[in-house]
Amino acid sequence: MDAGAVWGGLNLNSGVVLSLIAVLWALVWQNLQQLQLQHFFKRHVGRHARRFAAIVDPYLSVTIGEYDGGGRMRSADAYKEVKAYLADTTARDARHLRAEGAKDADRLELSMVDGEEVADVLLPDEGGGIVFWWAYSKSPPQQDWRWGGGEQENRRFYRLFFLDAHRDVVLNTYLPRVRREGRDVMVKNRRRKLSTNISVHQSWTHVPFEHPKTFATLAMDPAKKKEIVDDLDTFKNGKDYYARIGKAWKRGYLLYGPPGTGKSAMIAAMANHLDYDVFDIELTSVHSNTDLRKLFIETTSKSIIVIEDIDCSLDLTGARTKKKDSEDHDNKATKADGDGKKDTRSKVTLSGLLNFIDGLWSACGGERIIVFTTNHLEKLDPALIRRGRMDKHIEMGYCCAPAFEFLARTYLGVEEHELFATVGALLQEVDMTPADVAENLTPKSAHDDADSCLRELVAALEKTKEDKANGRGMDLQPEEDDGGAVQVMMGVGLE
Ligand SMILES: Nc1ncnc2c1ncn2[C@@H]1O[C@H](COP(=O)(O)OP(=O)(O)OP(=O)(O)O)[C@@H](O)[C@H]1O
Ligand SMILES: [Mg+2]
(Lines give C-alpha, C1' and ligand atoms only; values in the text may rest on other atoms or scores of the structure.)
(Ligands and ions follow the chains in the order given, each with its own letter.)
Protein backbone atom coordinates (compact mmCIF):
# COMPACT_ATOMS: atom_id res chain seq x y z
CA MET A 1 0.00 0.00 0.00
CA ASP A 2 1.15 3.51 -0.74
CA ALA A 3 2.85 4.95 2.30
CA GLY A 4 1.61 8.47 1.69
CA ALA A 5 -2.01 7.27 1.63
CA VAL A 6 -1.54 5.45 4.93
CA TRP A 7 -0.10 8.52 6.55
CA GLY A 8 -2.66 10.80 4.91
CA GLY A 9 -5.45 8.55 6.18
CA LEU A 10 -4.09 8.62 9.68
CA ASN A 11 -3.88 12.35 9.53
CA LEU A 12 -7.46 12.73 8.37
CA ASN A 13 -8.70 10.39 11.08
CA SER A 14 -6.85 11.98 13.88
CA GLY A 15 -4.87 15.22 13.79
CA VAL A 16 -3.63 14.59 17.33
CA VAL A 17 -2.23 11.17 16.55
CA LEU A 18 -0.54 12.51 13.49
CA SER A 19 0.99 15.38 15.43
CA LEU A 20 2.43 12.95 17.99
CA ILE A 21 3.73 10.65 15.29
CA ALA A 22 5.13 13.63 13.42
CA VAL A 23 6.99 14.86 16.50
CA LEU A 24 8.39 11.39 17.20
CA TRP A 25 9.28 10.92 13.60
CA ALA A 26 10.95 14.31 13.35
CA LEU A 27 13.19 13.28 16.25
CA VAL A 28 13.99 9.93 14.67
CA TRP A 29 14.62 11.56 11.33
CA GLN A 30 16.91 14.14 12.82
CA ASN A 31 19.01 11.31 14.19
CA LEU A 32 18.89 9.47 10.90
CA GLN A 33 20.15 12.60 9.22
CA GLN A 34 22.90 12.96 11.74
CA LEU A 35 24.05 9.41 11.04
CA GLN A 36 23.85 10.22 7.34
CA LEU A 37 21.93 7.01 6.82
CA GLN A 38 19.72 8.58 4.21
CA HIS A 39 22.76 9.70 2.29
CA PHE A 40 24.21 6.20 2.52
CA PHE A 41 21.00 4.58 1.29
CA LYS A 42 20.60 6.97 -1.62
CA ARG A 43 24.11 6.55 -2.79
CA HIS A 44 24.75 2.86 -2.31
CA VAL A 45 21.48 0.99 -2.44
CA GLY A 46 19.95 2.87 -5.37
CA ARG A 47 16.34 2.68 -6.54
CA HIS A 48 15.23 0.12 -3.95
CA ALA A 49 16.68 2.25 -1.24
CA ARG A 50 14.68 5.26 -2.44
CA ARG A 51 11.50 3.22 -2.17
CA PHE A 52 12.55 2.15 1.25
CA ALA A 53 13.39 5.73 2.17
CA ALA A 54 9.86 6.79 1.21
CA ILE A 55 8.54 4.37 3.80
CA VAL A 56 11.11 5.31 6.38
CA ASP A 57 10.80 9.03 5.63
CA PRO A 58 7.42 9.82 4.08
CA TYR A 59 8.04 13.57 4.21
CA LEU A 60 8.64 15.57 1.06
CA SER A 61 10.24 18.97 1.26
CA VAL A 62 10.38 22.36 -0.45
CA THR A 63 13.49 24.47 0.11
CA ILE A 64 13.25 28.24 -0.08
CA GLY A 65 16.74 29.72 -0.34
CA GLU A 66 17.86 33.21 0.51
CA TYR A 67 19.00 34.09 -2.99
CA ASP A 68 17.24 33.95 -6.33
CA GLY A 69 18.42 31.88 -9.25
CA GLY A 70 21.73 30.72 -7.82
CA GLY A 71 23.15 34.25 -7.92
CA ARG A 72 23.93 36.58 -5.08
CA MET A 73 22.36 39.55 -6.72
CA ARG A 74 18.98 39.78 -5.02
CA SER A 75 17.68 38.42 -1.80
CA ALA A 76 14.73 36.24 -2.82
CA ASP A 77 11.28 37.64 -2.10
CA ALA A 78 9.90 34.22 -1.18
CA TYR A 79 12.57 33.76 1.49
CA LYS A 80 11.76 37.11 3.08
CA GLU A 81 8.04 36.38 2.91
CA VAL A 82 8.45 33.00 4.62
CA LYS A 83 10.57 34.61 7.31
CA ALA A 84 7.93 37.27 7.91
CA TYR A 85 5.11 34.70 7.84
CA LEU A 86 6.82 32.51 10.43
CA ALA A 87 7.69 35.39 12.78
CA ASP A 88 4.67 34.91 15.05
CA THR A 89 4.87 31.11 15.11
CA THR A 90 8.60 31.37 15.79
CA ALA A 91 8.07 33.77 18.68
CA ARG A 92 5.50 31.39 20.17
CA ASP A 93 6.99 27.94 19.52
CA ALA A 94 10.70 28.02 18.68
CA ARG A 95 13.15 27.30 21.48
CA HIS A 96 16.13 29.18 20.12
CA LEU A 97 15.56 32.56 18.51
CA ARG A 98 17.51 35.19 16.67
CA ALA A 99 16.57 38.83 17.31
CA GLU A 100 17.01 41.92 15.13
CA GLY A 101 15.83 45.51 15.68
CA ALA A 102 12.24 46.08 14.57
CA LYS A 103 10.40 49.16 13.23
CA ASP A 104 9.25 50.03 16.68
CA ALA A 105 12.43 51.03 18.52
CA ASP A 106 11.59 48.95 21.61
CA ARG A 107 10.61 45.75 19.85
CA LEU A 108 12.60 42.93 18.29
CA GLU A 109 12.09 40.99 15.07
CA LEU A 110 12.43 37.29 15.81
CA SER A 111 13.51 34.42 13.60
CA MET A 112 14.81 30.87 14.09
CA VAL A 113 18.42 29.92 14.59
CA ASP A 114 20.15 27.24 12.54
CA GLY A 115 18.57 23.80 13.04
CA GLU A 116 15.41 25.08 14.71
CA GLU A 117 11.98 23.80 13.62
CA VAL A 118 8.40 24.94 14.12
CA ALA A 119 5.04 23.44 13.20
CA ASP A 120 2.29 25.29 11.34
CA VAL A 121 -1.29 24.20 10.85
CA LEU A 122 -3.51 24.72 7.84
CA LEU A 123 -6.97 25.17 9.28
CA PRO A 124 -9.84 22.88 8.20
CA ASP A 125 -11.66 25.70 6.36
CA GLU A 126 -8.55 26.17 4.23
CA GLY A 127 -8.74 22.54 3.10
CA GLY A 128 -6.73 21.10 5.92
CA GLY A 129 -6.34 20.54 9.58
CA ILE A 130 -2.90 19.58 8.33
CA VAL A 131 0.35 20.06 10.23
CA PHE A 132 3.43 21.26 8.35
CA TRP A 133 6.96 21.52 9.59
CA TRP A 134 9.27 24.41 8.86
CA ALA A 135 13.00 24.09 9.50
CA TYR A 136 15.61 26.82 9.20
CA SER A 137 19.18 26.00 8.29
CA LYS A 138 22.22 27.12 6.37
CA SER A 139 24.45 25.19 4.05
CA PRO A 140 28.18 25.26 4.75
CA PRO A 141 30.37 27.60 2.70
CA GLN A 142 31.31 26.30 -0.76
CA GLN A 143 33.73 27.29 -3.42
CA ASP A 144 31.91 29.30 -6.07
CA TRP A 145 33.72 29.74 -9.38
CA ARG A 146 31.06 31.93 -10.97
CA TRP A 147 31.57 34.84 -8.62
CA GLY A 148 35.31 35.26 -8.79
CA GLY A 149 36.31 31.96 -7.22
CA GLY A 150 35.87 33.15 -3.67
CA GLU A 151 34.23 31.18 -0.95
CA GLN A 152 30.49 31.73 -0.78
CA GLU A 153 28.89 32.86 2.40
CA ASN A 154 26.63 30.44 4.19
CA ARG A 155 23.44 30.07 2.21
CA ARG A 156 20.45 30.32 4.46
CA PHE A 157 17.18 28.61 3.69
CA TYR A 158 13.81 27.56 5.04
CA ARG A 159 12.63 24.00 4.34
CA LEU A 160 9.02 22.95 4.47
CA PHE A 161 8.26 19.26 5.22
CA PHE A 162 4.94 17.72 4.23
CA LEU A 163 3.39 14.38 3.26
CA ASP A 164 2.99 13.29 -0.34
CA ALA A 165 -0.77 13.19 0.18
CA HIS A 166 -0.69 16.95 0.76
CA ARG A 167 1.39 17.85 -2.26
CA ASP A 168 -1.46 19.63 -4.07
CA VAL A 169 -2.61 21.49 -0.96
CA VAL A 170 0.93 22.67 -0.29
CA LEU A 171 1.64 23.87 -3.79
CA ASN A 172 -1.74 25.37 -4.61
CA THR A 173 -3.09 26.59 -1.28
CA TYR A 174 -0.59 26.63 1.53
CA LEU A 175 2.53 28.15 -0.06
CA PRO A 176 0.60 30.91 -1.89
CA ARG A 177 -1.05 31.72 1.45
CA VAL A 178 2.34 31.84 3.18
CA ARG A 179 3.65 34.28 0.60
CA ARG A 180 0.54 36.48 0.72
CA GLU A 181 0.44 36.70 4.48
CA GLY A 182 4.23 37.13 4.65
CA ARG A 183 3.96 40.14 2.33
CA ASP A 184 1.27 41.66 4.54
CA VAL A 185 3.46 41.25 7.62
CA MET A 186 6.40 42.82 5.78
CA VAL A 187 4.35 45.86 4.77
CA LYS A 188 3.15 46.25 8.36
CA ASN A 189 6.65 45.98 9.83
CA ARG A 190 8.43 47.95 7.17
CA ARG A 191 10.81 50.56 8.50
CA ARG A 192 11.46 52.87 5.60
CA LYS A 193 15.08 53.31 4.63
CA LEU A 194 17.27 56.08 3.35
CA SER A 195 20.13 54.38 1.52
CA THR A 196 23.28 55.82 0.07
CA ASN A 197 26.16 54.34 -1.89
CA ILE A 198 29.03 56.03 -0.03
CA SER A 199 30.84 52.81 0.73
CA VAL A 200 34.06 51.27 -0.49
CA HIS A 201 32.22 48.16 -1.66
CA GLN A 202 30.02 50.00 -4.16
CA SER A 203 26.92 48.87 -2.35
CA TRP A 204 24.20 50.52 -0.28
CA THR A 205 24.33 51.47 3.36
CA HIS A 206 21.15 52.65 4.99
CA VAL A 207 19.61 54.44 7.94
CA PRO A 208 15.92 54.75 8.88
CA PHE A 209 14.17 57.38 6.76
CA GLU A 210 12.71 59.90 9.18
CA HIS A 211 12.37 63.17 7.26
CA PRO A 212 9.32 65.07 8.56
CA LYS A 213 8.52 67.04 5.37
CA THR A 214 5.10 66.31 3.89
CA PHE A 215 3.02 67.97 1.20
CA ALA A 216 1.00 69.50 4.03
CA THR A 217 4.07 71.52 5.07
CA LEU A 218 5.45 72.23 1.59
CA ALA A 219 4.65 75.75 0.43
CA MET A 220 3.66 75.93 -3.19
CA ASP A 221 0.79 76.92 -5.43
CA PRO A 222 -2.10 74.64 -4.30
CA ALA A 223 -3.12 73.76 -7.87
CA LYS A 224 0.42 72.70 -8.73
CA LYS A 225 0.72 70.77 -5.51
CA LYS A 226 -2.50 68.89 -6.27
CA GLU A 227 -1.28 68.13 -9.77
CA ILE A 228 1.91 66.55 -8.40
CA VAL A 229 0.09 64.58 -5.70
CA ASP A 230 -2.42 63.27 -8.28
CA ASP A 231 0.42 62.32 -10.57
CA LEU A 232 2.10 60.35 -7.77
CA ASP A 233 -1.13 58.59 -6.83
CA THR A 234 -1.80 57.65 -10.44
CA PHE A 235 1.68 56.19 -10.66
CA LYS A 236 1.35 54.23 -7.43
CA ASN A 237 -1.96 52.68 -8.50
CA GLY A 238 -0.86 52.20 -12.09
CA LYS A 239 0.48 48.64 -12.08
CA ASP A 240 -2.15 47.33 -14.50
CA TYR A 241 -1.92 50.41 -16.69
CA TYR A 242 1.85 50.09 -17.13
CA ALA A 243 1.48 46.36 -17.84
CA ARG A 244 -1.23 47.07 -20.40
CA ILE A 245 0.77 49.62 -22.36
CA GLY A 246 3.95 47.54 -22.09
CA LYS A 247 6.01 50.10 -20.20
CA ALA A 248 8.27 49.51 -17.22
CA TRP A 249 6.52 50.61 -14.01
CA LYS A 250 8.71 53.61 -13.28
CA ARG A 251 8.50 57.37 -13.63
CA GLY A 252 11.13 60.07 -13.87
CA TYR A 253 10.86 63.48 -12.22
CA LEU A 254 13.20 66.36 -12.89
CA LEU A 255 13.15 69.05 -10.20
CA TYR A 256 14.94 72.22 -11.18
CA GLY A 257 15.35 75.66 -9.69
CA PRO A 258 17.70 77.83 -7.63
CA PRO A 259 19.15 76.65 -4.30
CA GLY A 260 16.70 76.76 -1.41
CA THR A 261 13.53 76.45 -3.44
CA GLY A 262 12.54 73.13 -1.89
CA LYS A 263 13.79 70.45 -4.30
CA SER A 264 15.11 68.16 -1.56
CA ALA A 265 12.09 69.00 0.58
CA MET A 266 9.85 67.91 -2.30
CA ILE A 267 11.63 64.53 -2.53
CA ALA A 268 11.06 63.92 1.18
CA ALA A 269 7.39 64.88 0.80
CA MET A 270 7.06 62.49 -2.15
CA ALA A 271 8.63 59.61 -0.20
CA ASN A 272 6.36 60.25 2.78
CA HIS A 273 3.29 60.52 0.61
CA LEU A 274 3.98 57.30 -1.29
CA ASP A 275 5.44 55.47 1.72
CA TYR A 276 8.52 54.56 -0.35
CA ASP A 277 12.17 54.03 0.54
CA VAL A 278 14.76 56.50 -0.75
CA PHE A 279 18.00 55.51 -2.51
CA ASP A 280 20.19 58.59 -2.75
CA ILE A 281 22.94 57.99 -5.32
CA GLU A 282 26.16 59.95 -4.93
CA LEU A 283 27.19 59.64 -8.55
CA THR A 284 30.75 60.83 -7.99
CA SER A 285 31.32 57.78 -5.76
CA VAL A 286 30.21 55.35 -8.46
CA HIS A 287 33.32 54.11 -10.25
CA SER A 288 31.84 52.77 -13.46
CA ASN A 289 28.69 52.07 -15.44
CA THR A 290 28.85 48.48 -14.23
CA ASP A 291 28.83 49.63 -10.62
CA LEU A 292 25.89 51.92 -11.39
CA ARG A 293 23.95 48.99 -12.82
CA LYS A 294 24.83 46.85 -9.80
CA LEU A 295 23.54 49.57 -7.49
CA PHE A 296 20.33 49.76 -9.49
CA ILE A 297 19.76 46.02 -9.30
CA GLU A 298 20.12 46.19 -5.54
CA THR A 299 17.40 48.82 -5.17
CA THR A 300 14.02 47.53 -4.11
CA SER A 301 10.61 48.30 -5.54
CA LYS A 302 8.46 50.96 -3.86
CA SER A 303 11.39 53.32 -3.82
CA ILE A 304 12.55 56.72 -5.02
CA ILE A 305 16.01 56.74 -6.58
CA VAL A 306 17.51 60.20 -6.26
CA ILE A 307 20.46 61.83 -7.99
CA GLU A 308 20.84 65.35 -6.59
CA ASP A 309 22.61 68.14 -8.45
CA ILE A 310 23.00 65.98 -11.52
CA ASP A 311 24.85 68.77 -13.36
CA CYS A 312 27.57 68.82 -10.71
CA SER A 313 27.81 65.06 -10.32
CA LEU A 314 29.29 64.35 -13.72
CA ASP A 315 30.51 66.24 -16.69
CA LEU A 316 27.43 65.58 -18.74
CA THR A 317 27.68 68.79 -20.69
CA GLY A 318 28.44 67.97 -24.28
CA ALA A 319 29.01 64.43 -23.11
CA ARG A 320 27.87 63.12 -26.46
CA THR A 321 31.05 64.32 -28.14
CA LYS A 322 33.15 62.76 -25.44
CA LYS A 323 31.06 59.66 -25.27
CA LYS A 324 33.32 57.34 -27.21
CA ASP A 325 36.36 58.50 -25.32
CA SER A 326 34.76 58.04 -21.95
CA GLU A 327 33.27 54.68 -22.86
CA ASP A 328 36.76 53.46 -23.62
CA HIS A 329 37.58 54.26 -20.03
CA ASP A 330 34.56 52.55 -18.59
CA ASN A 331 35.31 49.93 -15.96
CA LYS A 332 38.91 51.06 -15.62
CA ALA A 333 38.26 53.28 -12.69
CA THR A 334 40.78 51.74 -10.39
CA LYS A 335 43.46 51.15 -12.96
CA ALA A 336 46.76 52.84 -12.22
CA ASP A 337 47.43 55.89 -14.38
CA GLY A 338 50.72 57.00 -15.94
CA ASP A 339 52.08 58.32 -12.64
CA GLY A 340 51.32 55.07 -10.91
CA LYS A 341 48.56 56.72 -8.88
CA LYS A 342 45.20 55.04 -8.64
CA ASP A 343 42.53 56.82 -10.66
CA THR A 344 39.46 56.71 -8.46
CA ARG A 345 37.40 59.28 -10.38
CA SER A 346 33.95 58.28 -11.47
CA LYS A 347 33.85 56.84 -14.97
CA VAL A 348 30.09 56.84 -15.26
CA THR A 349 29.20 58.08 -18.71
CA LEU A 350 26.10 59.67 -20.12
CA SER A 351 25.26 56.45 -21.94
CA GLY A 352 25.68 54.55 -18.67
CA LEU A 353 23.28 56.92 -16.99
CA LEU A 354 20.76 56.70 -19.83
CA ASN A 355 20.91 52.93 -19.61
CA PHE A 356 20.40 53.17 -15.88
CA ILE A 357 17.21 55.14 -16.41
CA ASP A 358 15.59 53.22 -19.23
CA GLY A 359 17.76 50.31 -20.32
CA LEU A 360 16.54 46.74 -20.03
CA TRP A 361 17.73 46.50 -16.44
CA SER A 362 15.70 49.50 -15.40
CA ALA A 363 12.52 47.42 -15.61
CA CYS A 364 13.62 44.89 -12.99
CA GLY A 365 11.54 45.00 -9.85
CA GLY A 366 9.16 47.76 -10.98
CA GLU A 367 7.45 50.52 -9.00
CA ARG A 368 10.33 52.94 -8.84
CA ILE A 369 10.50 56.70 -9.19
CA ILE A 370 13.72 58.29 -10.38
CA VAL A 371 14.30 61.92 -9.38
CA PHE A 372 17.04 64.21 -10.67
CA THR A 373 17.56 67.66 -9.20
CA THR A 374 19.54 70.50 -10.72
CA ASN A 375 20.13 74.21 -10.29
CA HIS A 376 21.06 74.49 -13.96
CA LEU A 377 18.56 72.94 -16.32
CA GLU A 378 20.36 74.40 -19.32
CA LYS A 379 23.53 72.45 -18.53
CA LEU A 380 21.90 69.05 -18.95
CA ASP A 381 22.09 67.00 -22.11
CA PRO A 382 18.63 67.00 -23.75
CA ALA A 383 18.79 63.20 -24.10
CA LEU A 384 18.97 62.86 -20.34
CA ILE A 385 15.82 64.79 -19.63
CA ARG A 386 13.65 64.05 -22.61
CA ARG A 387 10.10 62.88 -21.90
CA GLY A 388 10.03 59.14 -21.39
CA ARG A 389 13.17 59.41 -19.27
CA MET A 390 12.28 62.35 -17.09
CA ASP A 391 8.53 62.23 -17.58
CA LYS A 392 7.63 65.20 -15.43
CA HIS A 393 9.62 68.41 -15.21
CA ILE A 394 8.85 70.46 -12.12
CA GLU A 395 10.17 73.96 -11.72
CA MET A 396 10.80 74.99 -8.16
CA GLY A 397 10.83 78.76 -8.16
CA TYR A 398 11.13 81.75 -5.84
CA CYS A 399 8.53 82.36 -3.20
CA CYS A 400 5.25 83.90 -4.36
CA ALA A 401 2.48 85.51 -2.24
CA PRO A 402 0.36 82.34 -1.76
CA ALA A 403 3.48 80.33 -0.83
CA PHE A 404 4.48 83.04 1.67
CA GLU A 405 1.00 83.03 3.27
CA PHE A 406 1.21 79.25 3.53
CA LEU A 407 4.60 79.54 5.29
CA ALA A 408 3.25 82.24 7.63
CA ARG A 409 0.41 79.94 8.61
CA THR A 410 2.79 77.00 9.14
CA TYR A 411 5.57 78.87 10.94
CA LEU A 412 3.64 81.54 12.86
CA GLY A 413 0.11 80.16 13.00
CA VAL A 414 -1.36 83.40 11.59
CA GLU A 415 -4.13 83.32 9.00
CA GLU A 416 -4.20 87.05 8.28
CA HIS A 417 -2.02 90.04 9.08
CA GLU A 418 -1.75 93.66 7.95
CA LEU A 419 1.79 93.00 6.64
CA PHE A 420 0.67 90.19 4.30
CA ALA A 421 -0.15 92.66 1.49
CA THR A 422 3.23 94.43 1.90
CA VAL A 423 5.13 91.15 1.78
CA GLY A 424 3.09 89.97 -1.23
CA ALA A 425 3.88 93.19 -3.14
CA LEU A 426 7.60 93.01 -2.28
CA LEU A 427 7.79 89.35 -3.40
CA GLN A 428 6.60 90.46 -6.83
CA GLU A 429 9.52 92.86 -7.07
CA VAL A 430 12.35 90.78 -5.60
CA ASP A 431 13.25 87.13 -5.61
CA MET A 432 13.52 85.35 -2.31
CA THR A 433 13.60 81.59 -1.93
CA PRO A 434 11.11 79.80 0.32
CA ALA A 435 14.14 78.76 2.41
CA ASP A 436 14.99 82.45 3.06
CA VAL A 437 11.37 83.39 3.72
CA ALA A 438 11.07 80.46 6.13
CA GLU A 439 14.27 81.49 7.91
CA ASN A 440 12.96 85.06 8.40
CA LEU A 441 9.70 83.69 9.75
CA THR A 442 11.46 81.50 12.32
CA PRO A 443 11.38 83.08 15.83
CA LYS A 444 14.94 83.64 17.04
CA SER A 445 14.21 84.23 20.72
CA ALA A 446 11.44 83.83 23.28
CA HIS A 447 10.46 87.49 22.68
CA ASP A 448 9.82 87.01 18.96
CA ASP A 449 6.20 86.80 17.87
CA ALA A 450 4.33 86.88 14.55
CA ASP A 451 4.58 90.72 14.38
CA SER A 452 8.34 90.86 14.88
CA CYS A 453 8.99 87.94 12.48
CA LEU A 454 6.89 89.53 9.73
CA ARG A 455 8.60 92.89 10.27
CA GLU A 456 11.95 91.16 9.99
CA LEU A 457 10.86 89.58 6.70
CA VAL A 458 9.70 92.97 5.34
CA ALA A 459 13.04 94.52 6.30
CA ALA A 460 14.94 91.69 4.58
CA LEU A 461 12.84 92.05 1.42
CA GLU A 462 13.32 95.85 1.37
CA LYS A 463 17.06 95.44 1.76
CA THR A 464 17.12 92.96 -1.12
CA LYS A 465 15.10 95.43 -3.21
CA GLU A 466 17.51 98.22 -2.41
CA ASP A 467 20.53 96.03 -3.22
CA LYS A 468 18.93 95.09 -6.48
CA ALA A 469 18.37 98.75 -7.36
CA ASN A 470 22.04 99.45 -6.55
CA GLY A 471 23.19 96.48 -8.61
CA ARG A 472 24.22 94.47 -5.55
CA GLY A 473 22.83 91.34 -3.99
CA MET A 474 23.50 89.08 -6.93
CA ASP A 475 23.25 86.15 -4.59
CA LEU A 476 19.50 86.45 -4.69
CA GLN A 477 19.30 86.99 -8.43
CA PRO A 478 18.07 84.10 -10.55
CA GLU A 479 20.48 82.30 -12.83
CA GLU A 480 20.17 83.55 -16.39
CA ASP A 481 17.70 81.37 -18.18
CA ASP A 482 16.81 80.99 -21.83
CA GLY A 483 14.48 83.95 -22.14
CA GLY A 484 15.95 85.97 -19.29
CA ALA A 485 12.54 85.73 -17.62
CA VAL A 486 12.42 85.73 -13.85
CA GLN A 487 10.38 82.90 -12.37
CA VAL A 488 8.40 84.08 -9.39
CA MET A 489 5.81 81.34 -9.20
CA MET A 490 6.47 77.91 -7.85
CA GLY A 491 4.90 75.20 -9.88
CA VAL A 492 5.08 72.83 -12.74
CA GLY A 493 7.07 74.30 -15.55
CA LEU A 494 7.32 72.45 -18.80
CA GLU A 495 4.36 70.13 -18.52
N1 LIG B 1 8.47 75.30 -0.68
C2 LIG B 1 8.91 75.12 0.56
N3 LIG B 1 8.05 74.89 1.55
C4 LIG B 1 8.48 74.69 2.80
N5 LIG B 1 9.77 74.72 3.15
C6 LIG B 1 10.67 74.93 2.18
C7 LIG B 1 10.29 75.13 0.85
N8 LIG B 1 11.38 75.30 0.10
C9 LIG B 1 12.41 75.21 0.94
N10 LIG B 1 11.99 75.01 2.19
C11 LIG B 1 12.83 74.83 3.35
O12 LIG B 1 14.08 75.42 3.05
C13 LIG B 1 15.17 74.59 3.36
C14 LIG B 1 15.99 74.32 2.14
O15 LIG B 1 15.22 73.65 1.18
P16 LIG B 1 15.79 72.50 0.23
O17 LIG B 1 16.98 71.88 0.84
O18 LIG B 1 14.68 71.59 -0.12
O19 LIG B 1 16.24 73.34 -1.02
P20 LIG B 1 16.86 72.80 -2.39
O21 LIG B 1 16.02 73.35 -3.50
O22 LIG B 1 17.01 71.33 -2.33
O23 LIG B 1 18.27 73.50 -2.41
P24 LIG B 1 19.61 73.02 -3.14
O25 LIG B 1 19.43 73.30 -4.61
O26 LIG B 1 20.66 73.89 -2.56
O27 LIG B 1 19.79 71.59 -2.83
C28 LIG B 1 14.57 73.33 3.96
O29 LIG B 1 14.64 73.41 5.35
C30 LIG B 1 13.14 73.34 3.52
O31 LIG B 1 12.30 72.73 4.49
MG1 LIG C 1 18.68 70.06 -2.27
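**Briefing: strands, a ligand shell and selected residues**

Strand E10, helix H10 (residues 289-297) and strand E11 form a right-handed β-α-β unit; right-handed means that, with the strands pointing away from the viewer, the path from the first strand over the helix to the second runs clockwise. This is a predicted model, in which local features need pLDDT of at least 70, side-chain atom pairs count only at pLDDT 80 or more, and totals for chains, interfaces and linings use all residues. Residues are numbered from 1 along each chain as its sequence is written, while chains are lettered from A and ligands numbered from 1 in the order in which they are written.

**The chain overall**

- The chain holds 18 helices and 14 strands; helices (H or I, at least four residues) and strands (E, at least two) are DSSP runs, numbered from the N terminus.
- Of the 495 residues in the chain, 28% are buried. A residue is buried if 20 or more other C-beta atoms lie within 10 Å of its own, exposed if 12 or fewer, and partly exposed in between, with C-beta atoms placed from the backbone.
- Among contacts between residues at least 6 apart in sequence, 71% join residues at least 24 apart. Two residues are in contact if their C-beta atoms, placed from the backbone, lie within 7 Å.

**Strand E10 and its partners**

- Strand E10 covers residues 277-280; Asp277 and Phe279 point one way from the strand, Val278 and Asp280 point the other way, and all are buried.
- Strand E7 (residues 193-196) pairs with E10 in the parallel sense over 3 bridges; two strands pair if DSSP finds at least two bridges between them.
- Within this pairing, Thr196 has Asp280 in E10 as its bridge partner.
- E10 is also joined to strand E11 (residues 303-307) by 4 bridges, and these two strands run parallel.
- Opposite Asp277 stands Ser303 in E11.

**The antiparallel sheet**

- Strands of a sheet pair through backbone hydrogen bonds, either parallel or antiparallel.
- An open sheet of 4 strands has the order E1-E6-E5-E4, with antiparallel pairing.
- The edges are strand E1 (59-65) and strand E4 (117-122); each has a single partner strand, so one side of each is left without a neighbour in the sheet.
- On average, neighbouring strands of this sheet are turned by 25° against each other, direction ignored. Axes are lines fitted to C-alpha atoms, for helices over the stretch in contact, and angles run from 0 to 180 degrees between N-to-C directions.
- Helix H5 (residues 77-93) packs on the sheet and touches E1, E4, strand E5 (130-139) and E6; the direction of H5 makes about 95° with that of E4.
- E1 and strand E6 (residues 155-163) pair in the antiparallel sense over 7 bridges, and the bridge partner of Gly65 in E6 is Phe157.
- Phe157 counts as partly exposed, because it has 18 C-beta neighbours inside 10 Å.
- Leaving aside neighbours within four places in sequence, Phe157 is in contact with Thr63, Ile64, Gly65, Glu66 and Ser137.
- Phe157 and Val82 are 75 residues apart along the chain, and their C-alpha atoms are separated by 9.8 Å.

**Ligand 1**

- There are 16 residues around ligand 1, of which Pro259, Gly262, Ser264, Pro434 and Ala435 come nearest. A residue is near a molecule if its C-beta atom, placed from the backbone, lies within 6 Å of it.
- Helix H9 (263-274) and helix H17 (434-441) are the elements that give two or more residues to this shell.
- The shell has 9 nonpolar, 5 polar and 2 charged residues. Ala, Val, Leu, Ile, Met, Phe, Trp, Tyr, Cys and Pro count as nonpolar, Asp, Glu, Lys and Arg as charged, and the others, Gly among them, as polar.

**Positive phi in two loops**

- Asp309, in the loop between E11 and helix H11 (310-313), has a positive phi of about 45° although it is not a glycine.
- Asp309 is partly exposed, because 16 other C-beta atoms lie within 10 Å.
- Glu367 is not a glycine either, and its phi is positive at about 50°; Glu367 lies in the loop between helix H13 (350-358) and strand E12 (368-374).
- Since Glu367 has 19 C-beta neighbours inside 10 Å, Glu367 counts as partly exposed.

**Tyr253**

- Tyr253 belongs to strand E9 (residues 250-256) and is buried, with 23 other C-beta atoms within 10 Å.
- Not counting residues up to four places away in sequence, Tyr253 touches Ile369, Val371, Met390, Lys392 and Ile394.
- Tyr253 and Phe372 are 119 residues apart in sequence, and 6.4 Å apart in space from C-alpha to C-alpha.
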